[in-house]
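I opened this structure today and kept notes as I went. Each entry records what I looked up.

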Amino acid sequence: MSASVIVCDGCCCGRVEKGHNKVPINDIVQLWNESELGDNVKLTISGCLGPCSMHNVSLLKTEKEQIWLGKLSEKEHYEALVEWAIEVSQSSDEVELPEVLLPHRFVRNIV
Ligand code: FES
């Protein structure tokens with residue numbers, strides 16, 4: 001299954017000067033590369049994804065769904081994104097969201 005993980009590091013997410021938690025981009029990229037995810041799952045570090053009030057935001061996309069995550073603050077949240085990507089790359093079915101990320105899921109209302 002092809003999928004992608006989009007981690008926002010935009011105008012609000014990761015902006016320590018605005019009182020938000022840093023997004024550990026280098027750690028995420030390093031972990032990603034060590035996991036040898038290949039082409040099955042794509043990692044993108046992006047500019048603003050829209051729902052800034054949910055800083056720090058990430059979006060997980062598969063062929064079947066889009067999972068919005070917000071208020072990510074701990075290293076373990078970002079490690080869980082990579083865990084999810086590894087599972088997706090090894091499975092042809094939908095995979096469960098890691099438990100640590102469940103409370104961070106939100107529905108994005110697009111008007
Ligand atoms: S800066 Fe991340 S959603 Fe706007």
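**Entry 1: a loop residue**

I started at asparagine 56, which sits in the loop between β2 and β3. The model is a predicted one, and I keep that in mind throughout. I checked the peptide bond from histidine 55 to asparagine 56. That bond is cis, with omega near 0°.

**Entry 2: the whole chain**

Next I stepped back. I listed 2 helices and 5 strands in the protein chain. From the N terminus on, I read the elements as β-α-β-β-β-α-β. Along its principal axes, the C-alpha trace spans about 40 × 35 × 25 Å.

What radius of gyration would a compact globule of 111 residues have? I noted a value near 13 Å; the protein chain has 13 Å, so the two agree. Buried residues make up 29% of the 111 residues.

I then went through some of the pairs. β1 and β3 are antiparallel, with 4 bridges. Within that pair, valine 7 stands opposite serine 58 of β3. β3 and β4 are also antiparallel, again over 4 bridges. Here serine 58 has leucine 69 of β4 as its bridge partner. β4 covers residues 66-69, and its antiparallel pairing with β5 runs over 2 bridges. I picked out tryptophan 68, whose bridge partner in β5 is phenylalanine 106.

**Entry 3: the core**

I looked for the largest nonpolar core and found 25 residues in it. Val5, Val41, Val57, Leu81, Trp84 and Ala85 touch the most other members. Four elements each supply at least two of the core's residues: β1 (3-8), α1 (25-34), β3 (58-61) and α2 (75-90). Which element gives the largest share? I found that α2 does, with 7 residues.

Leaving aside neighbours within four places in sequence, alanine 85 is in contact with Val5, Leu37 and Val41.

Another general note: in soluble globular proteins, nonpolar side chains tend to be buried together.

**Entry 4: helix α2**

I checked the span of α2. At 1.5 Å a residue, its 16 residues should span 22 Å. The end C-alpha atoms are 23 Å apart, which agrees.

Which residues of α2 are buried? I listed Tyr78, Ala80, Leu81, Val82, Trp84, Ala85 and Val88. Then I asked what covers the buried residues of α2. The cover includes β1, α1, β2 and β3.

**Entry 5: the loop between β4 and α2**

I looked up two residues in this loop, lysine 71 and glutamate 74. Lysine 71 has a phi near 55°, a positive value in a residue other than glycine. Lysine 71 counts as partly exposed because it has 15 C-beta neighbours inside 10 Å.

Is glutamate 74 buried or exposed? I found it exposed, with 11 other C-beta atoms within 10 Å.

**Entry 6: glutamate 36**

I moved to the loop between α1 and β2, where glutamate 36 lies. Its phi is positive, about 45°, although glutamate 36 is not a glycine. Glutamate 36 has 8 C-beta neighbours inside 10 Å, and therefore counts as exposed.

**Entry 7: cysteine 11**

My last stop was cysteine 11, in the loop between β1 and α1. Cysteine 11 counts as exposed because it has 12 C-beta neighbours inside 10 Å.

Which residues does cysteine 11 touch, not counting those up to four places away in sequence? I found Cys48 and Cys52. I then checked cysteine 11 against glycine 47. They are 36 residues apart in sequence, and their C-alpha atoms are 7.1 Å apart in space.

Conventions:
Residues are numbered from 1 along each chain as its sequence is written. This is a predicted model: local features need pLDDT of at least 70, side-chain atom pairs count only at pLDDT 80 or more; totals for chains, interfaces and linings use all residues. Two strands pair if DSSP finds at least two bridges between them. A nonpolar core is a set of buried Ala, Val, Leu, Ile, Met, Phe, Trp, Tyr and Cys residues joined through C-beta atoms within 7 Å. A residue is buried if 20 or more other C-beta atoms lie within 10 Å of its own, exposed if 12 or fewer, and partly exposed in between; C-beta atoms are placed from the backbone. Two residues are in contact if their C-beta atoms, placed from the backbone, lie within 7 Å. The expected span of a helix is 1.5 Å times one less than its number of residues. The radius of gyration is taken over C-alpha atoms; the globule rule is 2.2 Å times the number of residues to the power 0.38.
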